[in-house]
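Student: I am new to this structure and would like to go through part of it with you. Could you show it to me, please?

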Amino acid sequence: LFFLKVSNKMTDQQMDDAKQQRDQVTGNLNDSEVSEFKEAFALFDSAKTGSVEAEDLRRIMTILGQDCSEEEIIDALGVVDKFSSGRIDFPSFLQQFQHKADDNEEEIMKEAFKTIGGGASLTKEHLKIFLEKLGEHLTEDELNAIMTHADKDGDGVINAEDFRTVFSNS
């Protein structure tokens, strides 16, 4: 009986340690956000090594409309790469997306909308091109489903208000 109590206590301690470690990595992100970032990270981890390297980061930045020099990529890696490995692991990647008290959600929405469609209303073609740059090749039915879900006013495009409505509810 004593052995079981000690064993259970150690298990509880290990569980507490694991939870604390998880909370340090995920910070104030909810489970849904962590899951979404894990999916995004997996898209850019082209070699499936569990880390994103300079070439992967360059591709990410290009997709986001940023033409970065090699020096800028190395500098960006240096900010996140705590171990100077030339790679970003998932916990380091995740920490870059922690919510900050002064985050302006409206500005974040505007920037995301601009990144995907250049600031214009998003057509199915905009969506398709953006997702293909991310390595996602959706069927016509899948694209139609996204458009139907996101086009709140039914005008055939995703305007800024549709975008804000969809993403503020996710």
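Predicted model: local features only at pLDDT ≥ 70, side-chain atom pairs only at ≥ 80, totals over all residues.

Student: Which residues of helix 9 are buried?

Tutor: Helix 9 spans residues 160-168, and its buried residues are Asp 162, Phe 163 and Val 166. Viewed down the axis of helix 9, these buried residues fall within an arc of 100°, so they line one face of the helix.

Student: Which residue caps the N-terminal end of helix 9?

Tutor: That residue is Asn 159. One of its side-chain oxygens lies 3.0 Å from the backbone nitrogen of Glu 161.

Student: At what angle do helix 6 and helix 9 pack?

Tutor: The angle is about 120°, and the axes are 10 Å apart. The crossing of the two helices is right-handed.

Student: Which residues meet there?

Tutor: From helix 6, Glu 106, Met 109, Ala 112, Phe 113 and Ile 116 take part. They meet Ala 160, Phe 163, Arg 164, Phe 167 and Ser 168 in helix 9. Phe 163 is also among the buried residues of helix 9.

Student: A change of topic: what is the phi of Lys 48?

Tutor: Lys 48 has a positive phi of about 55°, although it is not a glycine. Most residues other than glycine have a negative phi.

Student: Where is Lys 48, and is it buried or exposed?

Tutor: Lys 48 sits in the loop between helix 2 (31-44) and strand 1 (51-53). Lys 48 is exposed, with a relative accessible area of 58%.

Technical notes: Residues numbered from 1 in each chain as written. Heavy atoms only, no water. Buried < 20%, exposed > 50% of the residue type's maximum accessible area, 1.4 Å probe, protein only. Helix = DSSP H or I, 4+ residues; strand = E, 2+ residues; numbered from the N terminus. Arc of directions from axis to C-beta. Polar contact = N/O pair within 3.5 Å; in protein donor to acceptor, adjacent residues only side chain to side chain. Axes fitted to C-alpha atoms, helices over the stretch in contact; angles between N-to-C directions. Left-handed = near helix turned anticlockwise from the far one by under 90°. Contact = heavy atoms within 4.5 Å.
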